[in-house]
Amino acid sequence: RACHQGKRFWSVTMAGTAGIGVQLREIVSKNSATSEIQIGDLVPQGPAKLGGILHVGDVITKVAGKSVRGLDTVEVYRLLVGPPKSRVRVQVRRGTATFDSTLIREEVK
């Protein structure tokens, strides 16, 4: 298991797992003690980018039906990764709209 922090992004690699190809960042609201997990970047050939549904700036609200409220980026990554070719449902908020997307996890390089 390896964890690398760069400026505001986190990337997590766990042996034998696959993901959806996103980099996450934690956004702390000035008016709230809570933070939100936002998609900071998409891996060029990753499932999220190729699917064309998730965008940089989307706020992740649920992974596999579980709220990510109060979780940090590493905890959300742990929910997003799993066996290659397995499915994961991600709920995001973009502006005032909220929607779900089901992605197939792939090994992301």
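Where is the place of Lys85? Lys85 sits in the loop between α2 (73–80) and β7 (87–94).

## Basis of the model

This is a predicted model, in which local features need pLDDT of at least 70 and side-chain atom pairs count only at pLDDT 80 or more, while totals for chains, interfaces and linings use all residues. Residues are numbered from 1 along each chain as its sequence is written, and side-chain values use heavy atoms, with hydrogens and water left out.

## Overall layout

The protein has two helices and eight strands, in the order β-β-β-β-α-β-β-α-β-β from the N terminus. Helices (H or I, at least four residues) and strands (E, at least two) are DSSP runs, numbered from the N terminus.

Of the 109 residues, 39% count as buried; buried means under 20% relative accessible area, exposed over 50%, and partly exposed in between (1.4 Å probe, protein chains only). The accessible surface is about 6,600 Å², and 51% of this belongs to carbon and sulfur atoms. Areas come from the Shrake-Rupley method with a 1.4 Å probe; for residues, only the protein chains shown count as cover. Among contacts (heavy atoms within 4.5 Å) between residues at least 6 apart in sequence, 47% join residues at least 24 apart.

## Positive phi angles

Most residues other than glycine have a negative phi. Ala64 has a positive phi, near 55 degrees, and lies in the loop between β5 (59–63) and β6 (66–67). Ala64 is exposed, with a relative accessible area of 58%.

Lys85 is not a glycine either, and has a positive phi of about 75 degrees. Its relative accessible area is 59%, so Lys85 counts as exposed.

## Salt bridges

A salt bridge is a side-chain nitrogen of Lys or Arg within 4 Å of a carboxyl oxygen of Asp or Glu. The count by this rule is four. One of them joins the side chains of Arg94 and Asp58 (2.7 Å, N to O). This pair links distant parts of the chain, 36 residues apart: Arg94 is in strand β7 and Asp58 in the loop between α1 (47–51) and β5. Asp58 is buried at 1% relative accessibility, whereas Arg94 is partly exposed at 31%.

Lys85 also forms a salt bridge, with Glu106, the closest N and O atoms being 3.1 Å apart. Because Lys85 lies in the loop between α2 and β7 and Glu106 in the segment after β8 (97–104), the pair ties together parts that are 21 residues apart in sequence. Glu106 is partly exposed at 27% relative accessibility.

Arg89 and Asp100 meet through their side chains in a salt bridge (3.3 Å, N to O). Arg89 lies in strand β7 and Asp100 in strand β8, so this pair ties together parts that are eleven residues apart in sequence. Arg89 is partly exposed at 44%, and Asp100 is partly exposed at 37%.
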